[in-house]
Amino acid sequence: MRCRTLKKRPRNGAAGNDGPGRVLTAPVSWLVVGIALAFCFSSDVFGAGWVLGQQSQTATGVVRPGPAELIRALSLRDYNTRIVVLGTTLLGAAAGVIGTFAYLRKRALLGDALSHATLPGIAIAFMLSSQKHLGLLLLGATIAGVLGVIVVLGMRMVPRIKEDAAIGVVLSVFFGAGMVLFSLIQQMRTGDEAGLQSFIYGQAAAMLGRDAMLIATVAVIVVLGSALFFKEFRLVCFDRSYAGAQGWAVNWIDLLMMCLVVLITVVGLQAVGLILVVALLIIPAAAARFWTDRLTSMVLLAGVFGAASCYVGATLSALMPRLPTGAVIVIAAGVVFAISMLVSPHRGLLASMVRQWSLARRVARQHLLRAMAEFEEQRGAGTVVRFDELLRKRTWRANRLNRLIRRAGGGGLVVAEPDSSFRLTSHGRDEARRILRNHRLWEMYLIKYADIAPSHVDRDADEVEHILPPALVTELEQAIAKAGRIPPSPHPLETVV
Amino acid sequence: MGWNWGIDGWIVLVGILSACSCALLGNYLVLRKLSLMGDAISHAVLPGLAIAFILTGSRSSWPMFVGAVAVGGLTALLTEAITRYGKVEHGAAMGVVFSILFAVGLILIRQAADHVDLDPGCVLYGNIVQIPLDAIATTVPPAVLNLSIVLVLNLLFVGLFYKELKISAFDPDLATTQGINASAMHYALMIMVAITTVANFEAVGSILVIAMLIVPGVTAHLLTDRLGMMILLSLGVAVASAVCGHVLAAFGPGWIGLEASANTAAMMAVVAGALLGAAILFSPQQGILAKVVHRAALSAQIVRQDILGLLYRWRELHDGRGQAMRRDDVLAAVGGGRIARRALRRLARLRNIERINLEGQTHFRLTGSGVAEAVQLVGSHRLWESYLDKHFDLAADHLHAPAERVEHYITPEMREQLRDQLTDPTHDPHGKPIPRHQTPDPPTGPDAGRP
């Protein structure tokens, strides 16, 4: 039943041709085309598989780089730099794309677990091959990684084991098993454990043409896979049970998604190492989340963020001495994340601080106006209110009240009179009476419908008066009071002297 | 290579101390769904180690310890901050923080690599086998002392704040209303985790720390519902994995003919994983095996009851005559297969049905006690149909299916309540009589035991 429903996909896709699914996959396909194009343009460099690892890094890294070297590195003139930068950039783009789905699926740290889980696979491949054969190692890593994913997904059968615990168990136990195997290998065959080191910390600088080729292939597979299964992934990410109720084979879709994560993780091991590859999966996606609420744009942005961090990181580490590529890439991604978290327009920290600050200002101004309106109510329109009277009206500090009045004066709401007193302008009076009416209406509403004592309604209304939408005010007026009139206060305005 | 108390004894002791100190705190991490915090902290302390090293220029333990614990606490703080202010999911925030901190640590170590020999690998794998070598100089290896101190600290922490930790683990909001500062408890726990993690690095490496923080807690949680018992069980798992882990690591390869020994710390993690696997399979309450057995028993019971109901209705149909049903028909009616055959045998053994031969074929019919059982079941069925008919707007041909499912779960008390509610009906909506439970008469003839 499950398998059959997975095959239902094309028909559903055709049926929903004008639906969002079809429209949204288009940009992802463009990303694939872009990556493929970039790959084609640079394909002339991926011919021979020279070993250009460490020596050139030390060669460029002895002196501080001048502008010429900077341009040289940024424009990818060196064969070695070109391979490393292109390889990691492709990796970053693909990791960003698939990482978005893992992030939305709340499986961000699964990448961490399965990157550790690849170790026993690598170790067994290591034992089986007479010499280090990269293809075999990566195959072993992939198999072990997929196994790790299956174990994590399978542990959900036991309700007591939460997903984070399952991830942690797979991470540590698989890694332990890998270490056991490696400790045995180490004693039986000497001088081989250098291979292990390069997997744990990554060795982007030693990337060969064929490594970059492999990364490019996997990147294209992953991005194509995400584009093809975009609709399925989106369904599973946002509403798994709904997808299941629709007859989708959610478990298989889940597994497919995680297998793509495994692929990226395995090729990423070499570039950035198994501890940092998780950063490539999580950070671009988390950063992209700040900028958009749409999945398509998030996938694209995460791809761009990942590619950009890898490009910058790889270039920098080629320029400077003793900068491990993987670490610099992660720092670059971290900078992108920090900037996104700070300045993104809707979810950013600065934006929300500005929003809060302007709300606080508006509320304070409305409090001032309402206080003035209450004085006018008792003493007649155009009355002059002294500063100390105002100060006693609410619990506000003198200097804040001063600033408030200055600002309200600037906005043409109040004017200063001699002897540190103030009165409302006609524009200010309209605004003040509107707020006072909102306040009273809400008080009346609370007394009448929520059955709250008149002496207790002032505080509640104080909070709500600022955010009452006009439609609600009209409704309240119809229910409680005559239109346009301000109802009298239900409780004594005791602070007025 | 035999067991040598002077070497293996110390290794096992260090393993036990470190595993227990981790497992103790791990229980709370598992309960609070913070399992991966240990992972995050143990990776993130790298820059703390590096900075302490660069500042002091020595590999002495104290500055490094302080630096690592500080960065460990920072990891928890930053994760909380990103989760709260950035509205990033907790796991992702953890991943962001620890991977960036780890990267910073790697760069720092690489920059300082000229002056120092600080191997990040040592942090990963630990060095448990070399610990006894320290014992040659002094009587007790320093690692044993350090880990004992940490274990005692953890015991004190858990012992003194047992109630507070418990409430904030299960219900942070309740903790807050009871005047317990849940977030203070959270950070205290995080600091203790950081201290434990860092103290264990040298001995057993971060991977084992992660394994010991999570695996014993998860295992114990499968075995019990009580926190105190869970802590005790997790300590037991920790001790078992330390002892078995070292034995397997030291001698296991020899058993399969390899001239080598495996990494003890890693083997401890593997043993802990195997114990967890055993708990997943065999735990009496939560285990997969228990569930399979329970389901099999339930389905066998349901098939038995279905056979009784079937034979009862057959008997009703052939009022008094030919009330025995052919064996093949019975099997076919309840779905056949081994479960049905076994149910027939069981019922025969319980003397609820009896086997007779008619026209050379095996037939079955109810005995007196079988009728008594069947009366309860069919009574439940028909009462439920009447109840559905009265209270739900269901078509008459839709009543049977739900009643067929529910009849197995209706207790005698519920049956009485249904009777009361329906004012003691005699017939169900289909017009069939609702049988009442009576004391069964001894079977005397073909019609024996009829209600």
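The legends below describe close-up views of a predicted model. In this model local features need pLDDT of at least 70 and side-chain atom pairs count only at pLDDT 80 or more, while totals for chains, interfaces and linings use all residues. Residues are numbered from 1 along each chain as its sequence is written, and chains are lettered from A and ligands numbered from 1 in the order in which they are written.

**View 1. Helix α6 of chain A, residues 79-104, along its length.**
Helices here are DSSP runs of H or I with at least four residues, and strands are runs of E with at least two, numbered from the N terminus. The 26 residues of α6(A) should span 38 Å at 1.5 Å a residue, and the end C-alpha atoms are 38 Å apart, which agrees; the expected span is 1.5 Å times one less than the number of residues. At A:Ile98, α6(A) bends by about 25 degrees, the bend being the angle between axes fitted to the seven residues ending there and the seven starting there. Because 24 of its 26 residues are buried, α6(A) is largely enclosed by the rest of the structure; a residue is buried if 20 or more other C-beta atoms, placed from the backbone, lie within 10 Å of its own, exposed if 12 or fewer, and partly exposed in between. Just after α6(A), A:Lys106 takes a positive phi of about 60 degrees.

**View 2. The side of chain B that touches chain A.**
Here 50 residues of chain B are in contact with 47 residues of chain A, contact meaning that the C-beta atoms of two residues, placed from the backbone, lie within 7 Å. Helix α5(B) gives the most to this side of chain B, with 14 residues. By class, this side has 34 nonpolar, 11 polar and 5 charged residues, where Ala, Val, Leu, Ile, Met, Phe, Trp, Tyr, Cys and Pro count as nonpolar, Asp, Glu, Lys and Arg as charged, and the others, Gly among them, as polar.

Leaving aside neighbours within four places in sequence, B:Glu407 is in contact with B:Leu377, B:Ser380, B:His381 and B:Trp384. The C-alpha atoms of B:Glu407 and B:Leu383, which are 24 residues apart along the chain, are separated by 9.1 Å.

How values were computed
Axes fitted to C-alpha atoms, helices over the stretch in contact; angles between N-to-C directions.
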